Amino acid sequence: MSSSLKEGEFVGALDCGTTSTRFIIFDSVANIVAEYQAEFPQYYPHPGWHEHHPQELIDVVIECLDGAANALEKAGWSKSSIKSIGITNQRETTVAWSKSTGKALCNAIVWDDARTKGTVKHYNRLLDENGLVLEDGTVKKGKEGRRYLMELTGLQISTYFSAIKLHWMQEHHPEVKEAIKDDDLAFGTVDSWIIYNLTKTSDKPGIHITDPSNASRSLLLDLHKLEWSDTLLNFFGFKRSILPDLKSSSEVYGEIAEGTFKGLKIAGIAGDQQAALIGNKCLTKGEGKNTYGTGAFVLFHTGNEVVVSKSGLIGTVAYQAGPKAKPAYALEGSIAVAGSAIKWLKDSAQIINDVKHFNVLAESVEDSAGLYFVTAFGGLLAPYWDPSACGMLIGITSYTTPGHIARATMEAACFHTRAVVEAMKHDSNTELKNLKVDGGMTNSDMTMQLQADLGGFDVVRPEMRESTALGAALLAGSAIKLYGWDLNDPKTLEHVNTKGNRIFKPSISEEAREERWRGWKKAVDRSKGWTEDYESD
């Protein structure tokens with residue numbers, strides 16, 4: 001490449017989502033200098049199942065790194081201008097590979113996969129009958145066991161979390177069971193798998209690590225100590241040797257071993273929703289955001305103390321901004337289906353041609369005409385937690401049109417977000433004055449106005465909405481003190497992503513809002529328990 005290329009100081013973010021991966025290169029104020037994005041195949045072998053091929057994930061990562069390097073050089077900058085990269089990833093998606101070969105042993109089970117309902121029933125029964133055995137020999141079972149599990153992990157037993165998916169792999173893939181027997185199994189979420197592959201060579205294995213934000217989604221982490229819990233490992237029947245080493249969310253872990261960016265520091269890790277919290281600069285207690293992507297994820301910063309929810313939310317690690325930093329925690333409401341409902345309208349129901357068509361249809365009607373769409377394609381997550389709930393369009397009449405269905409789809413994400421925000425108010429005793437937003441659905445002004453109307457709060461949308469990638473970049477930059485960034489001192493980030501926000505304010509009456517809210521709650525009640533008679537162990 002020509003010697004005329006300029007040398008700058010940039011930071012990169014590898015954002016590995018559910019359907020695509022992108023590599024984005026930012027400057028000191030979060031302007032995007034160059035980027036590259038590529039999709040990867042989705043596999044749905046049975047109803048409720050969702051898989052990725054692990055090697056295809058890596059192939060797309062390499063494609064994005066190479067593509068962004070070319071885009072950077074076309075913009076006139078040397079690729080050596082990138083000083084470090086952060087990685088953010090779809091969380092809970094579970095990968096199992098061989099330590100000896102470095103090869104995946106089966107397809108990854110994706111976070112929204114619902115095949116493990118029987119496994120959930122098995123472990124709930126085990127919790128009731130045998131309980132959790134603590135280090136001092138104390139046994140916690142039944143309601144006491146469930147409460148202790150929630151206090152220890154912030155989670156409840158659900159199809160959502162990684163330990164449940166790994167157990168299913170162990171029971172249904174002989175290769176995984178054999179690897180466990182031979183102490184050859186490496187288990188991790190997508191961040192671990194990517195870092196392992198980026199740091200390995202033909203004669204040296206990669207590093208096997210994760211950070212607390214991803215580890216806290218496994219059902220195996222003690223939230224308070226930030227350590228793998230022997231009590232939980234014994235309960236689920238896993239060896240400690242299969243687990244990645246725990247590192248902070250912001251430090252230099254190693255370097256890319258081969259390829260276009262050989263020698264580049266990997267210096268940040270966070271699950272995608274925690275990264276979006278950071279990217280929205282929700283770095284102090286009481287700030288919250290919602291990311292409307294494939295699913296929707298509301299996170300509320302709770303400071304340096306774990307808050308145990310009594311309202312159906314998840315307690316999670318938000319980030320740990322350095323090896324010696326205190327962890328920041330959050331309450332989270334995870335909504336499994338948001339943007340993926342639009343994809344369903346296009347690919348399965350074939351009601352729309354594309355997203356533009358979806359918006360035109362939704363705007364063609366004044367309201368949803370009493371139609372509600374409970375998008376429980378694989379059960380309901382927060383705050384309802386019913387794996388046997390089923391998707392339901394209810395309120396259909398002879399007046400119902402595709403426009404009403406499109407609008408009800410749009411409203412579903414907004415109603416579900418309100419349900420989570422209501423739970424957060426209850427747990428935190430804090431009124432949410434505004435909600436910062438990002439993700440694909442936020443490009444729709446109509447959706448954001450509906451969110452303000454149905455939620456009853458202001459919705460704040462930034463101009464640059466690549467918050468997830470920006471969060472990973474902030475972690476990686478902070479680790480090497482690039483630009484003077486320091487996540488432990490939010491003032492150092494005051495010039496980052498300061499372009500104008502748009503604020504959507506509620507425009508309907510409280511009476512109208514509450515009437516529609518009552519309809520949503522009735523619809524959710526109808527959807528609950530729909531498949532419970534058909535679930536097997």
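**Entry 1: strand 16 and its neighbours**

I began with strand 15 (residues 250-255), which is joined to strand 16 by 3 bridges, the two strands running antiparallel. Helices (H or I, at least four residues) and strands (E, at least two) are DSSP runs, numbered from the N terminus, and two strands pair if DSSP finds at least two bridges between them. Within this pairing I found Glu255 opposite Lys265 of strand 16. I then turned to strand 5 (residues 82-89), which runs parallel to strand 16 and is joined to it by 6 bridges; here Gly86 has Gly268 of strand 16 as its bridge partner.

Before going further I noted that this is a predicted model, in which local features need pLDDT of at least 70 and side-chain atom pairs count only at pLDDT 80 or more, while totals for chains, interfaces and linings use all residues. Residues are numbered from 1 along each chain as its sequence is written, and side-chain values use heavy atoms, with hydrogens and water left out.

How many residues of strand 16 are buried? I found that 6 of the 7 residues in strand 16 (residues 265-271) are buried, so this strand is largely enclosed by the rest of the structure. Buried means under 20% relative accessible area, exposed means over 50%, and partly exposed lies in between, with a 1.4 Å probe and protein chains only.

**Entry 2: a buried aspartate**

I looked up Asp113 and found its place in the loop between strand 7 (108-109) and helix 2 (117-129). Asp113 counts as buried, at 1% relative accessibility. Leaving out residues up to four places away in sequence, I listed Gly48, Trp49, His50, Thr159 and Lys165 as the residues that Asp113 touches, where contact means heavy atoms within 4.5 Å.

**Entry 3: helix 11 against helix 12**

At what angle do the axes of helix 11 and helix 12 cross? The axes of helix 11 (residues 355-363) and helix 12 (residues 402-428) come within 7 Å and cross at roughly 105 degrees. Axes are lines fitted to C-alpha atoms, for helices over the stretch in contact, and angles run from 0 to 180 degrees between N-to-C directions.

I wrote down the residues that make the contact: Phe358, Asn359, Leu361 and Ala362 come from helix 11, and Pro402, Gly403, Ala406, Arg407, Thr409 and Met410 come from helix 12. Sorted by class, this contact has 6 nonpolar, 3 polar and 1 charged residues. For the sorting, Ala, Val, Leu, Ile, Met, Phe, Trp, Tyr, Cys and Pro count as nonpolar, Asp, Glu, Lys and Arg as charged, and the others, Gly among them, as polar.

I traced an open sheet of 7 strands in the order 19-20-18-17-23-24-25, with mixed pairing. Its edge strands are strand 19 (314-320) and strand 25 (501-504), each of which pairs on one side only. On average, neighbouring strands of the sheet are turned by 30 degrees against each other, direction ignored.

Strand 24 (residues 458-462) and strand 25 run antiparallel and are joined by 4 bridges, and Arg461 has Arg502 in strand 25 as its bridge partner. Helix 12 packs on this sheet, touching strand 17 (288-292), strand 18 (296-303), strand 20 (327-335) and strand 23 (434-438), and its direction makes about 140 degrees with that of strand 20.

**Entry 4: salt bridges**

I counted as a salt bridge any side-chain nitrogen of Lys or Arg within 4 Å of a carboxyl oxygen of Asp or Glu, and by this rule the count comes to 25.

Which parts of the chain does the pair of Arg418 and Glu514 link? Their side chains meet in a salt bridge at 2.9 Å, N to O, and the pair links distant parts of the chain, with Arg418 in helix 12 and Glu514 in helix 15 (residues 510-527), 96 residues apart. Arg418 is buried, with a relative accessible area of 5%, whereas Glu514 is partly exposed at 21%.

I also looked at Glu422 and Lys425, whose side chains meet in a salt bridge at 3.6 Å, N to O. These two, Glu422 and Lys425, are 3 residues apart in helix 12 and so are separated by about one helical turn. Glu422 is partly exposed, with a relative accessible area of 28%, and Lys425 counts as partly exposed at 22%.
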